[in-house]
Structures are given as C-alpha cells and as structure tokens.
Amino acid sequence: MPFARLAQATTPTCHLGLGLAAVGRPGYINLGRDTDLPENRTVEALRTRTHELLDAAYAQGVRYFDAARSYGRSEEFLADWLNTHPKADDIVVGSKWGYTYTADWTTDAEHHEVKDHSLATYERQRAETDALLGDHLDLYQIHSVTPDSPALTDKTLHAELAEAAARGVSVGFSTSGPAQAEAIRAALAVTVDGEPLFRTVQSTYNVLETSAAPALEEAHDAGLTVIVKEGMANGRLADPHAPAALKAVAAENSLGCDAIALAMVLRQPWAGVVLSGAATTLQLASNLHAPVVDLDDEQLARLTALSEDPHTYWEQRSRLPWH
C-alpha cells in the first residue's frame, strides 16, 4: 500500500498533504486568491509557483501531493517537479479522474470543468494521467462521487479499476455536496469478486461542514485511508473572512486562523491526511503550524459551535466566484 510510506514518516507534518487545485489553473473559487497569485497568470508563472510550493512542502516534511485532471496543468506541473527530484522517493502521489478541465486557461469561462464518470472518460483520462505521471502515480481517485453517480453501479468500470489496483495503483474516490455521508457509505459497499474496491476516501470536512464525520469514521474503521480536503472551506476560515470565534481562538494561541482550522481537522482520529490548499509559501508555512496546536476544552467548544447545516454550507459554496 502506498500510504504505508506515510505511516513510516515521523515528522510532525507527515499527516499534512499539499493539494494543487489552487495553483494548477488560473481560476478557482478560493477567497483571497485574486491577491495570492500574480496578476499575469501565465502557464510558466503558475508552474513556477507550484514548484516553489512543492519545494517548500517537501523540505518541511509534507509527503502527500494531490492533483486532478481538472486542475488545469496540475499533473504536468507535478510531473515536472518529480522528474527533477529523483531522490524524493518517499512521497505518495494522488490524482483524480471524472472532471475535464474546459476553461482553456482563462478565469472567466462559462464552465471551468465538466463532470463525467463514464468508463470512456476513465479510460481517456487514465491514459492522460499515465502519460504525465507514469510510475509516480500511487493513487487514482474518482472525482466528486455523489449518491447518484454511475461510478457506484458501473460493474465494467469497477472491473477496470480492480485491474488497476492489481497492478499496484490504489483506487479511491472523493466526495462533494450535502450528501457526502450517503455517497461514502454507498462506495464502501462496492466490491469486486467479494473484495472492497476502494482503499481511500477524500472528503470535505472543516469546522463549518462536519456532516461527513460519522461516515468517514466508518470508512477508517473499514481500513480506508481518509484524506480531508477543503479544511479551510475555500478561504472562509482564513483571515479576513474567518468567523469571530475562530479569530479569537487564533489570537489566544498567537497563530493564524488557518492553523487553528486545520488543527481541528487533524485532531479527528480518522483523519489520515489533511490537505493544505496553500497558494503561497507563506500560507503553507502557516498551515504547517497546525500539528502543534493545543486547544483547551473551552476553545474546542467555541469552534465546534461554528458547524453549519450541510445544505446551507454547500449552497454558499456554490455561490463562490471563480477568481
């Protein structure tokens, strides 16, 4: 299992990963991103920024890197970095299929990505990922599974995914939307020849959106590695947008709101890897304080009270603009 490499790591940051959604393409929905990245977001400018982040993350003990076919050129940027760092053989590389990037390197496209969980899309995107990442790929995930996704019932697709797993690539899935828990439980029931198909699950969980927690605990207990995405709620938990209670706890600990927010995720016993979506090295450095945060019971209670109804959370997320 590729994630056994993470289990062997002993650095405080080994349970933090770096997600490349915010830097693999010029447009994304993170708040504050309009000032985090250079105004002229050429391919080479974002390639350079991605490499700077990967250098900083690796130097500070991060060992999981996460990309996707729909994250613009994230796989390309990651592949370039891997090919120039042959001694970085202790990392785990994950990517995702199921969305096609359609923005053509613009920030104002009508549609930035198109979802399709068909077998044909898997076969096309797997070939595209292989051409870039090759043997570096450890984990291939179905991108944003929902309860009605055909990927949960397509037996032919399951057979192909099982073949990929037999050849050494772990197979996983990610989830989105207010019915994450239902999607996770449905995926846990998928088997091929009587064996569970999926070995990892990547879901949104943060102090505002906690609804998937029971299902993620079940997934962990079933032996899956749980990867948490959007721990910063697409910037809603970072200064200056963070709720007052989070700002207060951050000030009491002389840390950034981001470190406190990610610490709340890391303290969940089922959380195997928690992703940083940093767009700058300063953000990354602040995120990496999360493993050493020590919150008292009163602070935990104030932060726990921030949880929102999942339908409210996802409705607000759907209204975030692409910057």
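A residue counts as buried at under 20% relative accessible area, exposed at over 50% and partly exposed in between, using a 1.4 Å probe and protein chains only. This is a predicted model, in which local features need pLDDT of at least 70, side-chain atom pairs count only at pLDDT 80 or more, and totals for chains, interfaces and linings use all residues. Residues are numbered from 1 along each chain as its sequence is written, and side-chain values use heavy atoms, with hydrogens and water left out.

Start with the whole chain. It holds 13 helices and 12 strands, taken as DSSP runs numbered from the N terminus (helices H or I, at least four residues; strands E, at least two). The radius of gyration is 18 Å, close to the 20 Å of the globule rule for 323 residues, so the chain is as compact as a globular protein of that length. That radius is taken over C-alpha atoms, and the rule is 2.2 Å times the number of residues to the power 0.38. The C-alpha trace spans about 55 × 40 × 40 Å along its principal axes.

Now look inside. Of the 323 residues, 54% are buried.

Helix α10, residues 257–266, shows burial in detail. Of its 10 residues, 9 are buried, so the helix is largely enclosed by the rest of the structure. The buried ones are C257, D258, A259, I260, A261, L262, A263, M264 and V265. Their cover includes strands β11 (225–229) and β12 (273–276). Helices α9 (244–252), α11 (281–287) and α12 (297–304) also contribute to it.

Methods:
Contact = heavy atoms within 4.5 Å.
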